[in-house]
Amino acid sequence: MSMASTNKSDSLIAHIFYVLRGNPITALAFILLASFITCALFGPLIVPYDPLASNTSNALMPPSVDHWFGTDNLGRDVFSRVIVATRLDLLISVSAVALSFVIGSILGSVAGYWGGWLDAILNRLLDTIMAFPLFVLAMGIVAALGNTIENIVYATALINIPFYARLVRAEVNIRRDAGFALAAKLSGNSDLRVLAVHIFPNALPPMMVQISLNLGWAILNAAGLSFIGLGVRPPTPEWGIMVAEGANFVISGEWWLALFPGLWLMLAVFTFNLLGDGLRDIVDPRKRT
Amino acid sequence: MSASRRDFLKLSGGAITAASLPFLKVLPASAASDVIVAVMGQTINSLDLHRTGTNRPSYQVAVNVYDRLVSFGTKVTPDGGVSYDYSVIEPEIAESWEITDSEMIFKLKPGGKFQDGSPITAQDVKWSFDRAVSLGGFPAVQMKAGSLESPDQFEAVDDLTFKIKLIRPSKLTLPDLAVPVPFVINSKVALANATDDDPWATEYLHKTPAGSGAFKVAQWKPGEQLVYERNDDYTSGPVPEIKRVIVREVPSPATRLALLERGDVNLSFNMPNKDAKELSEVDGLAIQTTPIENSIYSLCPNLAFDAFKDKRVRQAIAYSVPYQEVFDAGAYGRGEPMWGGPSMTPSDIAWPQKFPYATDLDRAKDLLKEAGMASGFDVPLSISLGQIDWMEPVALLIQENLAKIGVNATIEKVPSANWRTASLVEKRLPLHLETFGGWLNYPCYYFFWCFLEGHLFNSSNYRNEEIEVLTLETLHMPIDDPDYAPKIKRMIEIIWDEVPRIALWQPALSVGMNGVKDFEYWFHSQLDVRNLKGV
Amino acid sequence: MSGRFKTISLRIAQAIPVLFGVVVVSFILTRALPGDPAVYFAGASATEESIAQVREVLGLDKSLPQQFIIYVGDLLRGDLGQSISTGQAVTDDLARRLPASLELTLMALFISCSIAVPLGVMAATKPGSLRDHMCRVIVTAGVSLPTFFTGILLIYVFYYLLGIAPSPLGRLDFIYIEPDTITGFYLIDAAITGDWETWFGALKQLVLPATTLALFTMAPIARMTRAAMLSALSSDFVRTARAAGLSSSKILYGYALHNAMLPVITTLGMVFSFTLGANVLVEKVFAWPGIGSYAIEALVASDYAAVQGFVLAMAILFVLLNLCIDIAYSLIDPRIGFEER
């Protein structure tokens, strides 16, 4: 766990390069991530058509030079919609994961450091959440609170909290009596400071992996919610909704409506998953061999 | 166990009603001409229409498995399809009837038999009618529409004579006896299974029909399938040609389309418009599309919302709808256009007929300016999640055009569980889509539900003194009364001018057939399998 | 042995507050669902009066605490209530649909394991090789696909275009007789009664949806197999075995894999409960009459009893599953204490 120590940034970068060279797929994932971030930042500026403008006389056109990904049932350009949707989809997954990361970390740290009845209560609470079929819980929350972007974020965050809390709790728990923690405490640091500055950072590397995997999973979760009609509000383009609506057109031959957003969505999730794997290799040299 | 299954194969179906019996082995659907496999997207949740909580798709059981006193006739539509005929009332359980201003007397067919072989008597009719008005909920409402409100009105004079005492003479009473609700139950069987807590045997009839209809229920697996088996001893009409109909529930429309196209099923009920349009060009498939009578898909501006109190604003909305695009994207041309009528005054009392509005954004802007709303306003446009397939594209197109006249609409998707509450009961959606269709095919009936203050489908909170008076005057009036047509024309003229509902189009019911023919359209838009024939 | 029995009962005792929590949360969640079931189920053209009647019949005119007490009382008597949308007792619905979902999930896991475990082992033998990377890309691609999308794609290709898959019509095509219900698992029931034609028919229906789910579940299993194999292969006992001159396949499958099973089983358990909850979308696409599609319909219709029953059933399954994993743990690796974690 040398990763957490800060004065080794040079060797860290060297290490990353070393890992990337040995692992071209992780390098590919980083490149993909960069392009997705570009789409998210500049998407609306670079697309050829207004993603919201309908043109029913031009509806359901197959992919062509003018419309790379074809047009949908209202004549909107699928390519433009797919690109513009990147920002929203990344936003949903990043904010959901950030939320569950923060809440999960706090809960996990507290339970892991102080233990006792706090720990017991938290464990039962997390068990209760975990005992729910998670996707259905998310469905229920969005159905109950209304289908807005915020509620999709909250629902996705809530069902992820247990994973973070468990992870942090375990990491904190095994270190609270470790030599460096005791030393920090003896030198006059408060519990909170020891926890926040000395113990918690050690939990970060494994968390990074979890975060990366969860980003992909959050996108899939939002797409699933869209499929049953609990997605974001039209006409906002979102990959899940586009796949879900396009799915009804596949059998009648308009495969491009679902295929392109589907592939794009898959590529995004794929990127995050590969990234998670790659991060695991970077942070845990033992598994890298 | 396999022996019992073989026994089952040999039986002609005479005594089998239990849903738990194993399912008959049949040939592939395409090879057996007297077995039909139908698919639909919705689920049947009860075999008893009168029960609380019975959903729409379940009404088909009341149609196929039970009979009524009377039925409507059958006609061939201009495009060669088969439809019920609203203008003809035919005998079903009753053989003949006499109507005076104070009562109706029905003579039942002698020899009429329930599916268990027992005779149909006037006592059964009386018990069934009492049940329809006593259990509350939708059945009671529908009975009331025909001025059938209390058990005191019904009397079994003798075994084969049934009498209804009329509260008022109304043209609606006789046709209301031919809707699915007043179906006749075998009261001996039902009463044998009734309890003190459940005097109307709702628990029993919920799972076990006791009727006299053309089909029996051979198997019901809720959420999966329902199997109809022909009643070979049917007494109320001609015995159907088809021996067995399997109705399978397949939620995904894409899957239903594939199944029909590949010939794995014979009939796809209530197809999405787009699929119907595409399959109508495919050889070997027959798509029957019938406009649903007395029904209009509408855009409703709610008068409880300040901006819509001014009729000019409502008219502006009506002029801003991109009707043709809406019709193409929402209905794929399946249905009847309801816009672009020639005059603000109707020339006849046909209903529904084209509203005198068309897309005219300049006119819309002028009207908004006149109303002092030139700068526009914000309004939520609500659609139901349950009908998203057509509501969403329509709402998007309307939203786009409203933006052009300065009205900023945001689309709200309302979950289906909440849709009725929000739109019809609380009537709190400022601008929304609505789909009312009246079972009884009269304009006054449509007005009664949609334009009278407080009435359920008046989701626009509309009130107009003249409409209130004229609707109640015409509701029970015979249509050949010389006052009828002028009054109806006046009513149409008012709501055209005031547009509390903006007509988009008249919807259609599309049924895809592969290897079967003669699906009969009914006003209730549910699957009637009695008239189906193999090709 | 009595110690083990004691810990098992302790685990069960621990599950009780969890289940109670699930009951409370699901009750609150359903009541927070939008819409008024009374209005929904009173049907078209219901008047205010008839809606009130329906509300009374459904017991929704009572206060929330009252409703909760009635609900818990019914639960203790084993009565999950009546589903309004299917019109059946929820216990009957679940009893009929749970085997369908379990059969699908187990079949998916079977397919998934039979591909993912060898892939994981293969990747672990040569980490960093092209083989390793390929395995990783394949399983990651699988988990990156939304299941409903994969499902529709498979239907389109294998049923609609190629015509080699059976019609996606649920558990059995029309041409087969449904096997007599013994366990509710068609494959098992058909096998018991010796009806191999039906068995084959049921299997055919399972292939596409199970593959869809399997694609989605391969990644965690393959990943965990790879990681566990890597650490097993780098451990002392393998080194000793190598030094002792045992054949490499004997080491790989005899020792390393055996030792790598533990984390794989844990993952499998988690994947199983996750999949059972997540196959709602696959069930919807394939018209599979399982509990997933049931839950969607119930949620959409604000069908309180059905949602609560579904959630409770899943929670009980989850608790039981965890118990089974714990027991499996101690069976596979006797060193592992069964103490409370």
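A crossing of two helices is called left-handed if the near helix is turned anticlockwise from the far one by less than a right angle, and right-handed if it is turned clockwise. The legends below describe close-up views of a predicted model.

**View 1. Helix 7 and helix 9 of chain C form a right-handed crossing.** The axes of helix 7 of chain C and helix 9 of chain C (residues 196-233) come within 9 Å and cross at roughly 140°. Angles over 145 degrees count as roughly antiparallel, 65 to 115 as roughly perpendicular, and those under 35 as roughly parallel, the rest being oblique; helix 7 of chain C and helix 9 of chain C are therefore oblique to each other. From helix 7 of chain C the contact draws on Thr147(C), Thr150(C), Gly151(C), Leu154(C), Ile155(C) and Phe158(C), while helix 9 of chain C contributes Leu208(C), Pro209(C), Thr211(C), Thr212(C), Leu213(C), Leu215(C) and Phe216(C). By class, the residues of this contact divide into eight nonpolar, five polar and no charged.

**View 2. Chain C meets chain B.** In this interface, 47 residues of chain C are in contact with 44 residues of chain B. On the side of chain C that touches chain B, at least two residues each are supplied by helix 2 (37-42), helix 3 (48-58), helix 7 (147-161), helix 12 (280-285) and helix 13 (291-300) of chain C. That side of chain C comprises 28 nonpolar, 15 polar and four charged residues.

**View 3. Helix 11 of chain B is mostly covered.** Of the nine residues in this helix, which runs over residues 323-331 of chain B, seven are buried, namely Tyr323(B), Glu325(B), Val326(B), Phe327(B), Ala329(B), Gly330(B) and Ala331(B). The elements of chain B that cover these buried residues include helix 9 (273-279), strand 14 (336-337), helix 13 (388-404) and strand 18 (502-506). Just after helix 11 of chain B, Tyr332(B) takes a positive phi of about 50°.

**View 4. A cis peptide bond joins Trp351(B) to Pro352(B).** The omega angle of this bond is near -5°, and Pro352(B) is found in the loop between strand 14 and helix 12 (361-370) of chain B.

**View 5. Ala201(B) and Asn461(B) are shown in their loops on chain B.** Ala201(B), although it is not a glycine, has a positive phi of about 55°, and it is found in the loop between helix 6 (187-192) and helix 7 (202-207) of chain B. Asn461(B), likewise a residue other than glycine, has a positive phi near 55° and lies in the loop between helix 15 (443-450) and helix 16 (465-475) of chain B. A residue needs 20 or more other C-beta atoms within 10 Å to be buried; Ala201(B) has 22 and is therefore buried, whereas Asn461(B), with 18 C-beta neighbours inside 10 Å, counts as partly exposed.

**View 6. Chain A is built from 12 helices and zero strands.** Chain A has 289 residues, of which 54% are buried. Among its contacts between residues at least 6 apart in sequence, 68% join residues at least 24 apart.

Conventions: Residues numbered from 1 in each chain as written. Chains lettered and ligands numbered in written order. Predicted model: local features only at pLDDT ≥ 70, side-chain atom pairs only at ≥ 80, totals over all residues. Helix = DSSP H or I, 4+ residues; strand = E, 2+ residues; numbered from the N terminus. Buried ≥ 20, exposed ≤ 12 C-beta atoms within 10 Å, placed from the backbone. Contact = placed C-beta atoms within 7 Å. Nonpolar A, V, L, I, M, F, W, Y, C, P; charged D, E, K, R; others polar. Axes fitted to C-alpha atoms, helices over the stretch in contact; angles between N-to-C directions.
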